[in-house]
Each structure stands twice: as structure tokens, then as C-alpha cells.
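Visitor: I am new to this structure. Please show it to me, and then I will ask about it piece by piece.

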Amino acid sequence: MIVRQLQEAEFSERRVVTENWESVRLLLKSDGMGFSLHVTIIYPNTITPMCYQNHLEAVLCIEGEGEVEDMDQDTVHPIKPGTLYALDRHDRHILRARTKMRMVCVFNPPLLGKEVHDKHGAYPLQAEEIRA
Ligand code: 9YT
């Protein structure tokens with residue numbers, strides 16, 4: 001059994017910080033679960049285009065408000081605590097945070113650890129691995 005504390009992981013190399021968001025990667029490929037699980041803070045008043053060409057992602061909002069635009073379907077979905085969106089088609093999307101947002105994110109295949117978005121808003125399949 002794996003037991004971890006978010007409050008401890010926040011002070012470890014599991015915390016990845018970028019311009020628009022930061023993410024604590026609580027479960028990674030090295031844990032052998034077949035998915036990775038992150039707690040992500042999206043900074044307020046940010047606009048983040050993404051397209052996870054190599055991954056599926058499910059996102060559950062547990063704090064804050066914003067919207068996600070599905071660029072393939074040309075639709076916009078408001079996000080508030082309790083809203084789930086799942087990128088089951090490698091969907092091109094734009095996340096707009098009105099306030100600070102806290103999200104629980106699950107990736108399949110699992111991230112290795114240190115991934116940040118490339119110029120297409122995707123994560124590569126190769127990245128520096130966190131094993132600790
Ligand atoms: C919601 C979203 O995709 N934010 C970008 C960060 C990502 N969730 C991650 O790496 O944890």
C-alpha cells in the first residue's frame with residue numbers, strides 16, 4: 001500500500017511549478033498504478049491552451065471557478081466545484097480560470113514526474129522521472 005500526504009508532497013520534487021499552474025504529482029508511473037494522480041492549482045485570471053496528444057486526462061474541480069472551451073466541438077463549459085471534464089479524445093481545449101482553481105487530475109498513461117507543456121500544450125512520453 002502506498003500512503004502519502006499532500007502536505008508533505010508539496011515540499012518535495014513532486015511539486016512542479018509553471019507560469020499558469022502548479023501541480024503536486026502524488027502518484028506517478030514509478031508507483032505502478034497505471035495512472036498518475038495530481039492536485040493542480042490553476043492561477044487566477046490565466047488562459048491555458050492544451051492538447052494532450054499522448055495522454056487521456058480526467059479533471060475534477062474541487063475549488064474555484066472558470067471555464068473550459070472545447071475547440072473541436074466549439075463549446076464552452078462553465079467549471080465550479082463538482083464539475084468533471086474528461087479529455088477522452090485528446091481534445092484541443094482552453095482552460096480559463098476566473099479565480100484560483102484546485103483540480104484533481106488523473107492521467108493515463110501515467111506521467112513520469114517532471115513533465116511541463118510543450119509548445120502544443122501536450123506532455124511528451126519521455127520526461128525526467130521521479131521515483132522518491
Ligand atoms: C487541468 C490541467 O490539465 N492543468 C494542467 C496541469 C496538469 N493537470 C498536471 O500536470 O497536473
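Visitor: In which strand is Val24 found?

Guide: A word first: this is a predicted model. Strands are numbered from the N terminus. Val24 is found in strand 2.

Visitor: Is Val24 buried or exposed?

Guide: Buried means under 20% relative accessible area. Val24 has 5% relative accessibility, so Val24 counts as buried.

Visitor: How many Å apart in space are Val24 and Glu10?

Guide: In sequence, Val24 and Glu10 are 14 residues apart. In space, going from C-alpha to C-alpha, the separation is 6.1 Å.

Visitor: Let us turn to the ligand. Which residues are the closest to the ligand?

Guide: The ligand is surrounded by 15 residues. The closest of them are Ser23, Arg25, His38, Glu57 and Tyr123.

Visitor: Which strands each supply at least two residues of the shell around the ligand?

Guide: One of them spans 21–27, another 36–42 and another 101–108. By name, they are strand 2, strand 3 and strand 10.

Visitor: How many residues of the shell are nonpolar, polar and charged?

Guide: The shell around the ligand divides into three classes.

Visitor: How many Å separate an oxygen atom of the ligand from an N or O atom in the side chain of Arg25?

Guide: A polar contact is a pair of N or O atoms within 3.5 Å. A polar side-chain atom of Ser23 lies 2.7 Å from a ligand oxygen. For the side chain of Thr40, the distance to a ligand oxygen is 3.0 Å. For the side chain of Arg25, it is 2.5 Å.

Visitor: What percentage of the ligand's exposed area does the protein bury?

Guide: Taken alone, the ligand exposes 310 Å². Of that area, the protein buries 100%.

Visitor: Where does the ligand sit?

Guide: A molecule sits in a cavity if more than half of its atoms lie within 2 Å of its grid points. The ligand sits in the largest cavity.

Visitor: Now the loops. Is Cys51 buried or exposed?

Guide: Cys51 is in the loop between strand 4 (46–50) and strand 5 (56–63). Its relative accessibility is 10%. The cut-off for buried is under 20%, so Cys51 counts as buried.

Visitor: How many Å apart in space are Lys119 and Cys51?

Guide: Lys119 lies in the segment after strand 10. At 79% relative accessibility, Lys119 counts as exposed. Lys119 and Cys51 are 68 residues apart in sequence. From C-alpha to C-alpha, they are 10.0 Å apart.

Visitor: How far apart in space are Cys51 and Ile62?

Guide: Along the sequence, 11 residues separate Cys51 and Ile62. From C-alpha to C-alpha, the separation in space is 22 Å.

Visitor: What kind of peptide bond joins Asn108 and Pro109?

Guide: Pro109 is found in the segment after strand 10. Omega for the bond is about -5°. The bond between Asn108 and Pro109 is cis.

Visitor: What is the phi of Asn45?

Guide: Asn45 is in the loop between strand 3 and strand 4. Asn45 counts as exposed because its relative accessibility is 67%. Its phi is positive, in a residue other than glycine. The value is near 60°.

Visitor: And what is the phi of Asp74?

Guide: Asp74 is found in the loop between strand 6 (66–70) and strand 7 (75–79). With 65% relative accessibility, Asp74 counts as exposed. Asp74 is not a glycine, yet its phi is positive, at about 60°.

Methods. Residues are numbered from 1 along each chain as its sequence is written. This is a predicted model: local features need pLDDT of at least 70, side-chain atom pairs count only at pLDDT 80 or more; totals for chains, interfaces and linings use all residues. Side-chain values use heavy atoms; hydrogens and water are left out. A residue is near a molecule or strand if one of its heavy atoms lies within 4 Å of it. A polar contact is a pair of N or O atoms within 3.5 Å; within protein, one must be able to donate a hydrogen and the other to accept it, and residues adjacent in sequence count only if both atoms are side-chain atoms. Accessible areas come from the Shrake-Rupley method with a 1.4 Å probe; for residues, only the protein chains shown count as cover. On a 1 Å grid over the protein atoms alone, a cavity is a set of points where a 1.4 Å probe fits but cannot get out, and a pocket is an open set with protein on both sides within 12 Å along at least five of seven lines; lining residues have an atom within 4 Å of a point. Helices (H or I, at least four residues) and strands (E, at least two) are DSSP runs, numbered from the N terminus. Ala, Val, Leu, Ile, Met, Phe, Trp, Tyr, Cys and Pro count as nonpolar, Asp, Glu, Lys and Arg as charged, and the others, Gly among them, as polar. Buried means under 20% relative accessible area, exposed over 50%, partly exposed in between (1.4 Å probe, protein chains only).
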